[in-house]
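The following note sets out points for a colleague who is reading the coordinates alongside the sequence. Each point takes up one part of the model.

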Amino acid sequence: MIARTLRVGDLACGRAGDKGATLDLSIVANDRASYELLDAELTGPAVARALGAREATRYELPGLLALKFVVPEMLGGGVHASLHAGLHWQKTAINALLDIELDGVPAGYTPVCVRPPGWISPDSPDAFAAM
């Protein structure tokens, strides 16, 4: 039973880079359950479609709860020679990847919310005391 649709960014964070004309995208899941869901749904062809690329090669790093995608020839002649707007288009590409919707979320699945150390809810009575 499918409960709702989540985005990749609800379950993971991402990092982007480049090496010449090759785009390098990494997704790191918040927890093991999120990694397993991303591993099942976030395929190379899905990433290629989201980016309008011909192909995307996926590498699994289960010990790091990470998936890495390498997209060749995405940046033309490299980041400085690319026809994509802006010098660092790869930063936009990682956001496009984090916005991919995942359709196979099991009923009752609750994503882990990762907050930085020392985070205080704005609703907390101590919120302004911490400032």
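Which residue takes a positive phi in the hairpin of strand 2 and strand 3? Gly 20 does, with a phi near 65 degrees, in a hairpin that has two residues between the strands.

1. Basis of the note. This is a predicted model, in which local features need pLDDT of at least 70, side-chain atom pairs count only at pLDDT 80 or more, and totals for chains, interfaces and linings use all residues. Residues are numbered from 1 along each chain as its sequence is written, and side-chain values use heavy atoms, with hydrogens and water left out.

2. Confidence. The chain has an average pLDDT (the predictor's confidence in each residue, from 0 to 100) of 79, and 70% of the residues score at least 70. Confidence is highest in strand 4, at 96, and lowest in helix 3, at a mean of 81. Helices (H or I, at least four residues) and strands (E, at least two) are DSSP runs, numbered from the N terminus.

3. Strand pairing. Strand 2 (residues 12-19) and strand 3 run antiparallel and are joined by eight bridges; two strands pair if DSSP finds at least two bridges between them. Strand 3 also pairs with strand 5, again in the antiparallel sense, over six bridges. Within these pairings, Gly 17 has Asp 24 of strand 3 as its bridge partner, and Ser 26 has Lys 68 of strand 5.

4. Buried means under 20% relative accessible area, exposed over 50%, and partly exposed in between (1.4 Å probe, protein chains only).

5. Salt bridges. The count comes to five, a salt bridge being a side-chain nitrogen of Lys or Arg within 4 Å of a carboxyl oxygen of Asp or Glu. One of them joins Lys 68 and Asp 24, at 2.8 Å from N to O. This pair links distant parts of the chain, with Lys 68 in strand 5 and Asp 24 in strand 3 (residues 22-29), 44 residues apart. Lys 68 is partly exposed at 28% relative accessibility, and Asp 24 is partly exposed at 22%. Another salt bridge is formed by Glu 60 and Arg 58, whose closest N and O atoms are 2.8 Å apart; Glu 60 is partly exposed, at 41% relative accessibility.

6. Arg 7 forms a salt bridge with Asp 99, the closest N and O atoms being 2.7 Å apart. The two residues are separated by 92 residues: Arg 7 belongs to strand 1 (residues 6-7), and Asp 99 to the loop between helix 3 (89-98) and strand 6 (101-102). Arg 7 has a relative accessible area of 32% and is partly exposed, while Asp 99 is partly exposed at 46%. Salt bridges that share partners join Arg 7, Asp 10 and Asp 99 into one network.

7. Asp 31 is placed in the loop between strand 3 and helix 1 (32-41). Asp 31 is buried yet has no salt bridge, and Arg 32, the nearest side chain of opposite charge, is 8.4 Å away; Lys and Arg count as positive and Asp and Glu as negative, while His and the chain ends are not counted. A polar contact of 2.5 Å does join the side chains of Asp 31 and Ser 34. A polar contact is a pair of N or O atoms within 3.5 Å; within protein, one must be able to donate a hydrogen and the other to accept it, and residues adjacent in sequence count only if both atoms are side-chain atoms.

8. Helix 2. Thr 43 caps the N-terminal end of this helix, with a side-chain oxygen 3.1 Å from the backbone nitrogen of Ala 46. The buried residues of helix 2 (residues 44-51) are Gly 44, Ala 46, Val 47, Ala 48 and Leu 51. Just after helix 2, Gly 52 takes a positive phi of about 70 degrees.

9. Leu 65. Phi of this residue is near 55 degrees, a positive value in a residue other than glycine. Leu 65 is located in the loop between strand 4 and strand 5 (66-71) and counts as buried, at 17% relative accessibility.
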